[in-house]
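Me: I would like to learn how to read a protein model. Can we go through it feature by feature?

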Amino acid sequence: MNNHLTYVLVADASKAKLFSTYKAKLLQTTASEKDLHLIASFSHEDSRKKGVELASDKMGGFNTGTFVEATSPKTQEAIEFAQELMDFIETERTKNLFRELIIIAAPAFMGMLNKAASSEIQKLISQTIEKDYTPLDDRNLLQQLQRFLQPSTSFAIYANKTVIEAYLT
């Protein structure tokens, strides 16, 4: 296993990019967009179609005696895309290619990704950011990612105080 690689998934319901990086590099002021290595780009054309283009005449159905309402065609396409992304990441996980996963996704799509993620992938998710950063270029994505990854000032002060207190006792 490459113990230092972090995967970063940036996604919405119709497109996604998966990057690999060394998280420690992202925390440095010298980090550049070259520190984000594109592994794969995904596009789900059906998610871009209008609901009427995807619609069927199928109504909801009965499942174990209770009525189950039909999912809208656009939502169903988004669910399928989330599953496709998580299947790819699961394959990467079984090859031990990364040690943690950061997911950045539009809020509505984040829930679908979480639901599609296996329990093993869930264990590797270190951070989720509910923002749609798919339109950003790599440089702006890096800036936003650094903003979320930086430890807060109060944490740093607390950490220093703890270290000082531990040193004095």
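Me: Let me start with contacts. Leaving aside neighbours within four places in sequence, which residues is Glu33 in contact with?
Reply: This is a predicted model, so read every value as computed from it. A contact means heavy atoms within 4.5 Å. Glu33 is in contact with Asp138, Arg139 and Leu142, once neighbours within four places are set aside.

Me: Where does Glu33 sit?
Reply: Glu33 lies in the loop between helix H1 (23-26) and S3. Look along the chain too. Glu33 and Asp137 are 104 residues apart in sequence, yet their C-alpha atoms are separated by 9.0 Å.

Me: Is Glu33 buried, exposed or partly exposed?
Reply: Use the cut-offs. Under 20% relative accessible area is buried, and over 50% is exposed. Glu33 has 29%, so it counts as partly exposed.

Me: Now a strand residue. Which strand holds Ser20, and what does Ser20 touch?
Reply: Ser20 belongs to strand S2 (residues 15-22). Not counting residues up to four places away, Ser20 touches Leu5, Thr6, Tyr7, Asp35, Leu36, His37 and Ile39. Its relative accessible area is 10%, so Ser20 is buried.

Me: Let me step back to the chain. How many helices and strands are there?
Reply: The chain has 8 helices and 7 strands. It counts 169 residues, and 34% of them are buried. Now take the contacts with a separation of 6 or more. Residues 24 or more positions apart account for 65% of those.

Me: How do I read two helices that meet? At what angle do H4 and H5 cross?
Reply: Look at the axes. Those of H4 and helix H5 (residues 107-116) come within 8 Å and cross at roughly 50°. The two helices are therefore oblique to each other. The crossing of H4 and H5 is right-handed.

Me: Which residues make the contact?
Reply: From H4 come Thr75, Ala78, Ile79, Phe81, Ala82, Gln83, Leu85 and Met86. From H5 come Phe109, Met112, Leu113 and Ala116. Sort them by class. The contact of H4 with H5 has 10 nonpolar, 2 polar and no charged residues.

Me: Next, aromatic rings. How many aromatic pairs does the count come to?
Reply: First the general idea. A pair of aromatic rings is described by the distance of the centres and the angle of the planes. Here the count comes to 3 aromatic pairs. One of them joins Phe42 and Phe88, with 5.2 Å centre to centre and 75° between the planes. That pair is edge-to-face.

Me: Where are Phe42 and Phe88?
Reply: Phe42 is in strand S3 (residues 37-43), and Phe88 is in helix H4. They are 46 residues apart, so the pair links distant parts of the chain. Phe42 has a relative accessible area of 13%, so it is buried. Phe88, at 26% relative accessibility, counts as partly exposed.

Me: What about Phe81 and Phe109: what kind of pair do they form?
Reply: Phe81 and Phe109 are stacked. Their centres lie 6.0 Å apart, with 20° between the planes. Phe81 is in helix H4 and Phe109 in helix H5, 28 residues apart. Phe81 counts as buried at 0% relative accessibility. Phe109 counts as buried at 3%.

Me: Last, backbone angles. What is the phi of Asn96?
Reply: Most residues other than glycine have a negative phi. Asn96 has a phi near 55°, a positive value in a residue other than glycine. Asn96 lies in the loop between helix H4 (73-94) and strand S6 (100-105). At 39% relative accessibility, Asn96 counts as partly exposed.

How values were computed:
Residues numbered from 1 in each chain as written. Predicted model: local features only at pLDDT ≥ 70, side-chain atom pairs only at ≥ 80, totals over all residues. Heavy atoms only, no water. Helix = DSSP H or I, 4+ residues; strand = E, 2+ residues; numbered from the N terminus. Buried < 20%, exposed > 50% of the residue type's maximum accessible area, 1.4 Å probe, protein only. Axes fitted to C-alpha atoms, helices over the stretch in contact; angles between N-to-C directions. Parallel < 35°, antiparallel > 145°, perpendicular 65-115°, else oblique. Left-handed = near helix turned anticlockwise from the far one by under 90°. Nonpolar A, V, L, I, M, F, W, Y, C, P; charged D, E, K, R; others polar. Phe/Tyr/Trp six-rings, centres within 6.5 Å; stacked < 30°, edge-to-face > 60°.
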